[in-house]
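Here's a quick tour of the aromatic side chains. Have a look at the model first, then read on.

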Amino acid sequence: MLEKALNGSKKYGLWIAALLVVIFIAVLSYAKQWRLGLGVTGMSRDVSWGLYISQFTFLVGVAASAVMVAIPYYLHNYKKFGKIVILGEFIAVSAVIMAMLFIVVDMGQPTRVMNVILHPTPHSMMFWDMCVLFGYLIINFVIGWTTLGAENKGFAPPAWVKPIIYLSIPWAISIHTVTAFLYAGLPGRHLWLTAIMAARFLSSAFAAGPALLILLCLFVRKVGTFGPDKEAIQSLAKIVTYAMITNVFFYLLEVFTAFYSSIPEAKEPLIYLFAGLDGHNNLVPFMWVATILAFVSIALLVVPKTRRNEKILPFALVSVFLACWIDKGLGLVLGGFVPNPLGHVTEYIATGTEIMITLGVYAVGALLITIFYKIVIAVRKQV
């Protein structure tokens, strides 16, 4: 079916070419990092995880979100999600690949990845995170490609796929839970030392991932000959609404606990993120933008009239996605490192090399989604 991705309009060709150019520039940037080491990044002794791990954390959540269409469709026989579920599977595949690429670039030398495989340490959360991510990648690719291939030939999916589909549901929960344990298991970082870290991760994942899926569905419906109907879009938008409300509620619980307990180590990361600390305030504008976007998106989504308006809905969904990205893609990781366990404030600023490599990884993901969705549109067109 890959040949279906080779044909397209001039705009399609230009989009593919633009992504390939970004990827090529990113490869050159990564070659520089490989040659000179991680010293070309903004990371330091005090802030040893930066933009790469932040994006990894966020994308694991996007990948896990595919379960929010799988559960209603496969377990509750909600047929309206029939046209969406395959799109969700391919988002999951692309997001996992991007997440794994961010781990590779964060290690400096990609050969270090082999140490995890050749010298496994079962007591390490990183080892289990690698296992569940790779397993989730295989599961979603097998499900997506097999069901699409069967549809292309005009047959029902083979019976052996059904157990794998059911397996994917708890597996999706596990990938973000294990990722949350990477943070919650570090007692020296007070922002992460919380029993609801996994719950926060899942709530934000079930908001941002489906929000992206709806936006892509609206785009597919515009450029393709098929697309989910309004009822399916609205059902998924309600999931985004409840998940975003839960995500904000969990965050407010953390704020209340930190300030009501008045433990300095618990308050200082939040003070740094939202007001600045000792004159360091690089993340303050981002966090307040995320806060405004979060509440604006909830206000637009919780009101049926604005949620059903497909001119307003995309703005609300973009607001959800950006708010979650700023929170997990910037604030969560950096706020955990600043200030350090000794109370010293060392800020992190991503370098041009880091930003270019990050854009390159996202370009790889965009290229994969483009190819997968082009194949889906072509198959659905001929069915």
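Buried here means under 20% relative accessible area, exposed means over 50%, and partly exposed is in between (1.4 Å probe, protein chains only). This is a predicted model, where local features need pLDDT of at least 70, side-chain atom pairs count only at pLDDT 80 or more, and totals for chains, interfaces and linings use all residues. Residues are numbered from 1 along each chain as its sequence is written, and side-chain values use heavy atoms, with hydrogens and water left out.

Rings of Phe, Tyr and Trp (its six-membered ring) pair up if their centres lie within 6.5 Å; planes under 30 degrees apart are stacked, over 60 edge-to-face, and the rest tilted. That rule gives 16 aromatic pairs. Two of the pairs look like this:

| Pair | Centre distance | Plane angle | Type |
|---|---|---|---|
| Phe90 and Phe372 | 4.5 Å | 10° | stacked |
| Phe102 and Tyr362 | 5.8 Å | 65° | edge-to-face |

Phe90 sits in helix H4 (residues 85-106) and Phe372 in helix H14 (residues 352-382), so their pair ties together parts 282 residues apart in sequence. Helices are DSSP runs (H or I, at least four residues), numbered from the N terminus. Phe102 in H4 and Tyr362 in H14 also link distant parts of the chain, 260 residues apart.

As for burial, Phe90 and Phe372 are both buried. Phe102 is buried too, at 0% relative accessible area, while Tyr362 is partly exposed at 25%.

Elsewhere, Trp49, Tyr183, Trp192, Phe201 and Phe337 make up one aromatic cluster. The charged end of Lys328 sits over the Phe201 ring, 4.9 Å from its centre; that label needs NZ of Lys or CZ of Arg within 6 Å of the ring centre and within 35 degrees of the ring normal.

Key
Helices (H or I, at least four residues) and strands (E, at least two) are DSSP runs, numbered from the N terminus.
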